[in-house]
Amino acid sequence: MKLNLRRPFVVFDLETTGINISKDRIVELAYIKVFPDGTEEKKNMRFNPQMPIPIETSLIHGIYDEDVANEPTFTERAKELADKFAGCDFGGFNSNKFDFPMLVEEFLRSQIDFDTENRKFVDAQRIFHMMEQRNLTAAYKFYCDKNLENAHNALADTQATYEVLLAQIERYENLENDIEQLHAVSGQSNNVDLAGRMVYNDKKVAVFNFGKHRGKAVQDVFKFEPGYYQWMMDNDFPLETKRKLTKLKLAGFGK
């Protein structure tokens, strides 16, 4: 089968120096860009993260400092990637919580204002956990009856994720072959920012989702504790979170 697409759909996976979106960097990115006519474009690229890769991380994905020492930085290829991903929706495995926020953070560090407002996000892991409660290796075996031989290799994980997503659509009658519907069941429509530091409550009001102000409206916090905005701007929050925070603050001035 093939996905029913209205615009290109990018399935991707990252390998990184760690899991801190603000501080860590991408060392490998692989993607499959699927076009509405069913044709596919595959790409795998590595980057010099300009920081040491911790040995415990290298032991997981098999990429060491010397493997990427002569690779370009993400910034050097950021414009090329942004152009390649323009007008595309995205899919991945655990991509809503990690891969997509990390990708956007790298774009912002490269001074590229990568649009996230008009994208659809499909997370095969969320569909999988909703249906079966396991990981990518188990998902690949369960849905595709295949063994994932090179787990944590970005291209192998990307290929497995794409095949799992296609198999999920075929298996579950309540899943439509439609990116809009897949986004609705697996996307992050409740998040204000990609990292989920702010979310929309049941009244569609932006509220903080962490710390002492969890559950409080962002605009209300700005009124009774105006210094909280600057505290967030000065601390270790993703650039994309700070951008959304600033947008909410500016919106509040307009009322």
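Modeller: What follows goes through the salt bridges pair by pair and then turns to the cysteines. The model is a predicted one, and the count of salt bridges in the model comes to 15.

Take arginine 46 and glutamate 28 to begin with. Their side chains meet in a salt bridge, with 3.3 Å from N to O. Arginine 46 belongs to strand β3 (residues 40-46) and glutamate 28 to strand β2 (residues 26-34), so this pair ties together parts that lie 18 residues apart in sequence. The two partners fall into separate classes of accessibility: arginine 46 counts as partly exposed at 25% relative accessibility, while glutamate 28, at 2%, counts as buried. The cut-off that matters here is 20%, since buried means a relative accessible area under that value.

Strand β3 also supplies glutamate 41, which forms a salt bridge with lysine 84. The closest N and O atoms of glutamate 41 and lysine 84 are 3.0 Å apart. Lysine 84 sits in helix α3 (residues 74-85), and the pair links distant parts of the chain, 43 residues apart. Glutamate 41 has 23% relative accessibility and counts as partly exposed. Lysine 84 is partly exposed as well, with a relative accessible area of 27%.

Further along, lysine 146 and glutamate 163 make a salt bridge through their side chains, at 2.8 Å from N to O. Here the lysine is in a loop, the one between α6 (136-144) and α7 (154-171), and glutamate 163 is in helix α7. Lysine 146 is partly exposed, its relative accessible area being 38%. Glutamate 163, in contrast, counts as buried at 18% relative accessibility.

A disulfide is a covalent bond between the sulfur atoms of two cysteines. The structure holds 0 disulfides. Among the cysteines, cysteine 88 counts as buried at 0% relative accessibility. Cysteine 144 is buried too, with a relative accessible area of 18%.

Methods. Residues numbered from 1 in each chain as written. Predicted model: local features only at pLDDT ≥ 70, side-chain atom pairs only at ≥ 80, totals over all residues. Heavy atoms only, no water. Salt bridge = Lys/Arg side-chain N within 4 Å of Asp/Glu carboxyl O. Helix = DSSP H or I, 4+ residues; strand = E, 2+ residues; numbered from the N terminus. Buried < 20%, exposed > 50% of the residue type's maximum accessible area, 1.4 Å probe, protein only. Disulfide = S-S within 2.5 Å.
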